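We'll go through the sheets, then the helices, then a few backbone details.

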Amino acid sequence: MRYTKISMTDVIIAGAGAAGLMTAITAARRGLSVTVLEPNGKTGKKLRITGKGRCNVTNDSAPQEFLQKVCTNARFLKSSLYAFPPEAVKVFFEEAGVPLKTERGERVFPVSDNANDIADTLERMAQSAGVRFVRERLADIRTESGHVSAAVTDRDEYPCRAVVLCTGGLSYPATGSTGDGYRIASKLGHAIVPTRASLVPLEAETDCARMQGLSLRNVGLQGLSLKNVEAAIYAGRKELYRDFGEMLFTHFGVSGPLVLSASAHLPEKVSSCRLEIDLKPGLTAEKLDERLLRDFSENINRDFTNALDALLPQKLIPVVIERSGIPARLKVNSIRREQRLALRDTIKRFAIRLTACRPVEEAIVTAGGVDVREVNPRTMESKIVSGLYFAGEILDLDACTGGYNLQIAWSTGYAAGRAIPEKEITE
């Protein structure tokens, strides 16, 4: 990335992430002079590690379906999403020479499975459009008569007509997401909705396996991956979330795509919630009971502990047996109906008491941020300071995992880049 010193410019964008680069390209293609402030040595540093380095570019769903996966302020996102929907994002990258593919769950990835292809393409497009990059960090924004007049960095001050804050949230701080944007926006009069981790692994009580107080690590569940399971989050009797997919047991609790999406729906008091896993969602309770009867008939003279190999992962069997209340060494032919039904219910509702989210630094995205009630949803311009715009994770917008959050960055960035006036409006 080439960096240059600048003088007067139309637009200064703070942050060369997904939202910042989309804003820069959109504005520059309209003929505006655009400068991006990025203290990192590379553009798109967080973008390059998303999707485990594959980059889940978007989710190939219609806008009305997409909005159902937005956890916070979906109504605010509606205008920008319809203006630049997933289909338009696909065309944008494919016309730029990045072939895409759609996988299960309508998740869109580059055919190369390489996130660098997305980030490098955005940087190339920005430079081709005339965008300038300056390796400095935005420290403050000057205003005159309620309008942006200059961007102040840690080294200099640059006059401009507009500033777009695309500084991200608090997740993955090593990529540059340090919360600077919240401080700057707050200083200019914007309310900041308290931030928290979203799309983050969850911690669970150490005795959730109910094996004499042993931790998940000690009962052998650490590293166990479950596929094709259904999970639900409850606060008391109230169901907060339910979905189908994959998850993983860790030394601290649970993780994986299913858990990450579930985390976006948790209340502030996580310890009031429990996770219930249906280990066999493809079978109704009645069909599962029939399956147990069939498996038991094939193992009728064996110990109970040796009768579940065909039904459950090996690591999970001791825990399920403990929870069912059936003695592990009881002969299968001695298991009573009520014991079998207890086993069935354990498999259908494998409960884990949650205790906390992992730190926001480990989250994929940050929930909370600039209060969207103070931002124009069509233009992303501040309702408080003329010439101040926002895009991406700095806004109080977050969604489920599966390409939705990157689409939020593309749509809001496009809206901001398209809305900045071509010349200063004078009264």
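**A walk through the sheets and helices**

Strand 3 and strand 6 pair in the antiparallel sense over two bridges. Here T58 stands opposite V108 of strand 6. A word on terms: two strands pair if DSSP finds at least two bridges between them, and helices (H or I, at least four residues) and strands (E, at least two) are DSSP runs numbered from the N terminus. Keep in mind that this is a predicted model, in which local features need pLDDT of at least 70 and side-chain atom pairs count only at pLDDT 80 or more, while totals for chains, interfaces and linings use all residues. Residues are numbered from 1 along each chain as its sequence is written, and side-chain values use heavy atoms, with hydrogens and water left out.

That pair belongs to an open sheet of three strands in the order 3-6-5, with antiparallel pairing. Its edge strands are strand 3 (58-59) and strand 5, each of which pairs on one side only. In the loop between strand 5 (100-103) and strand 6 (107-110) you'll find E106. Its phi is near 60°, a positive value in a residue other than glycine. With 38% relative accessibility, E106 counts as partly exposed (buried means under 20% relative accessible area, exposed over 50%, partly exposed in between, with a 1.4 Å probe and protein chains only). At a relative accessible area of 30%, D113 is partly exposed.

Now for the barrel. Six strands close up in the order 12-15-14-13-16-17, with antiparallel pairing. On average, neighbouring strands of this sheet are turned by 45° against each other, direction ignored. For angles here, axes are lines fitted to C-alpha atoms, for helices over the stretch in contact, and values run from 0 to 180 degrees between N-to-C directions.

Let's trace some of the barrel's pairings. Strand 13 (residues 225-235) and strand 14 (residues 238-249) run antiparallel and are joined by nine bridges. Within that pairing, I233 stands opposite Y241 of strand 14. The hairpin of these two strands has two residues between them, and G236 takes a positive phi near 65° there. Strand 14 then connects to strand 15 through a hairpin of three residues. Two bridges join strand 14 to strand 15 (residues 253-255), again antiparallel, and L248 has S255 as its bridge partner in strand 15. A204 has L354 of strand 17 as its bridge partner.

Helix 10 (residues 337-348) packs on this sheet, touching strand 16 (273-278) and strand 17, and its direction makes about 110° with that of strand 16. Contact here means heavy atoms within 4.5 Å.

Which helix does helix 10 pack with at an angle of about 125°? That is helix 9 (residues 317-324), with the two axes 9 Å apart. Helix 9 and helix 10 are therefore oblique to each other (under 35 degrees counts as roughly parallel, over 145 as roughly antiparallel, 65 to 115 as roughly perpendicular and the rest as oblique). In the contact, V320, R323 and S324 of helix 9 meet A342, L343, T346 and I347 of helix 10. By class, that contact has four nonpolar, two polar and one charged residues (Ala, Val, Leu, Ile, Met, Phe, Trp, Tyr, Cys and Pro count as nonpolar, Asp, Glu, Lys and Arg as charged, and the others, Gly among them, as polar).

Another helix pair is worth a look. The axes of helix 3 (residues 74-83) and helix 11 (residues 404-419) come within 8 Å and cross at roughly 80°. That makes helix 3 roughly perpendicular to helix 11. The helix 3 side of the contact is L77, S80, L81 and A83, which meet residues of helix 11 including I408, Y414 and R418.

Finally, find helix 6 (residues 180-187), whose buried residues are D180, G181, Y182, I184 and A185. They pack against strand 8 (138-144), strand 10 (157-165), strand 11 (192-198), strand 18 (365-370) and strand 19 (388-390). After helix 6 comes G189, with a positive phi near 105°.
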